Every structure is written in structure tokens, then in C-alpha cells.
Amino acid sequence: MPNDTANQLAALAEQHGLTVAVAESLTAGQVAAVLGAAPDSAVWFRGAVVAYATDVKRHVLGVPDVPVVSETAAKAMAEGVRSLMDADIAVATTGVGGPEPQDGEDAGSVWFCVATRGDAQAGHRQYDGDPAEVVGRSVQYALELLLSTATTLTRSAPVSVADNRV
């Protein structure tokens with residue numbers, strides 16, 4: 001199923017030579033699946049780590065000994081996968097789909113982080129609905145974060161005569 005946000009990201013990434021990576025827990029690889037189905041993903045999509053288990057988050061992505069549904073965990077996941085995949089932009093998702101709370105967080109609590117080569121910005125969302133609805137909304141928001149970040153990066157990129165963008 002095509003996703004307009006992923007298609008826009010694909011066009012922008014390919015046009016500007018950006019690379020993208022994903023670290024997923026709550027969304028269990030669904031962000032990566034959407035990105036992989038976008039146009040020319042082999043050119044700009046570096047890959048993903050689906051780190052559902054806590055020990056995978058810690059050993060592969062460098063999440064410290066903190067609750068895995070937290071700002072700190074989301075930042076470590078995004079920075080870890082960005083570095084691991086040598087990507088320009090990475091997004092991470094970690095949260096509680098429900099129906100029960102986890103790590104002191106209510107069902108529907110989701111932490112996101114977008115990391116670039118120079119910065120990492122985390123944010124929290126609280127979604128209502130069943131686990132499938134929480135995951136679906138989280139996937140779409142993660143894609144929107146990637147597109148927004150790519151748009152910002154390309155707007156602030158230096159103009160070069162060699163790029164024919166004078």
C-alpha cells in the first residue's frame with residue numbers, strides 16, 4: 001500500500017542524497033516496511049533494527065539501563081541506529097501499545113526521536129485506541145518526523161554551483 005509521506009521522503013532523499021535508518025520497538029518493523037516499499041528505497045534507505053527485546057535495545061543500540069519506554073531510550077535508539085547504519089537521518093519508536101501499562105507509562109504512550117549527524121530531538125505522544133491503532137498512528141508519525149527533518153536539512157543545506165542550485 002503506497003504511503004504519500006514515504007513517497008515524499010523518497011523523492012527528497014533521492015534528490016538531495018540523504019540516507020535514512022530506523023530503530024523500532026513498538027512499531028515492530030512497520031516503519032521500515034513502509035520505507036522499503038517507497039520508490040527507489042535501495043538508493044536512500046540504509047536499513048532498520050527492530051529491537052523489541054530490552055537486551056537487544058541495550059546491546060545493539062546502546063540504550064543505557066533506563067526504562068525502555070522513555071526519552072533517554074528513544075534518543076539512544078535513534079543515535080545508535082544512525083551511527084550503526086551511517087545514515088543522515090534516523091527515527092526511533094518506543095512505547096506501550098497496550099492494553100497494559102509498562103515502565104510506569106500508560107498504554108498509548110510513545111516516545112519518538114529523530115537523530116541527524118549533528119542533533120537528536122525526542123518527543124512524546126499519547127494515543128488512544130487499541131494496540132493496532134496506537135501502532136498505526138505511531139508509524140505515520142514516525143514517517144512525518146522523517147519527512148519534516150529531511151525537509152529542514154535540505155532547506156538549510158549550503159547552495160553549491162556544482163549542484164546547479166544557484
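I began with Asp-88, which is buried at a relative accessible area of 16% (buried means under 20%, exposed over 50%, partly exposed in between, with a 1.4 Å probe and protein chains only).

I noted the ground rules next: this is a predicted model, where local features need pLDDT of at least 70, side-chain atom pairs count only at pLDDT 80 or more, and totals for chains, interfaces and linings use all residues. Residues are numbered from 1 along each chain as its sequence is written, and side-chain values use heavy atoms, leaving out hydrogens and water.

I checked the confidence: pLDDT (the predictor's confidence in each residue, from 0 to 100) averages 92 for the protein, and 93% of the residues score at least 70.

I then looked up the salt bridges (a side-chain nitrogen of Lys or Arg within 4 Å of a carboxyl oxygen of Asp or Glu) and found a count of four.

Which residue does Asp-88 meet in a salt bridge? I found Arg-117, at 2.8 Å from N to O. Asp-88 sits in the loop between H5 and E3 and Arg-117 in the loop between E4 and E5, so the pair ties together parts 29 residues apart in sequence. Salt bridges with shared partners join Asp-86, Asp-88 and Arg-117 into one network. I saw that Asp-86 has its closest N and O atoms 3.0 Å from Arg-117.

I also looked at Glu-71 and Lys-75, whose side chains form a salt bridge at 3.9 Å, N to O. Both lie in helix H5 (residues 71-85), four residues apart; helices (H or I, at least four residues) and strands (E, at least two) are DSSP runs, numbered from the N terminus.
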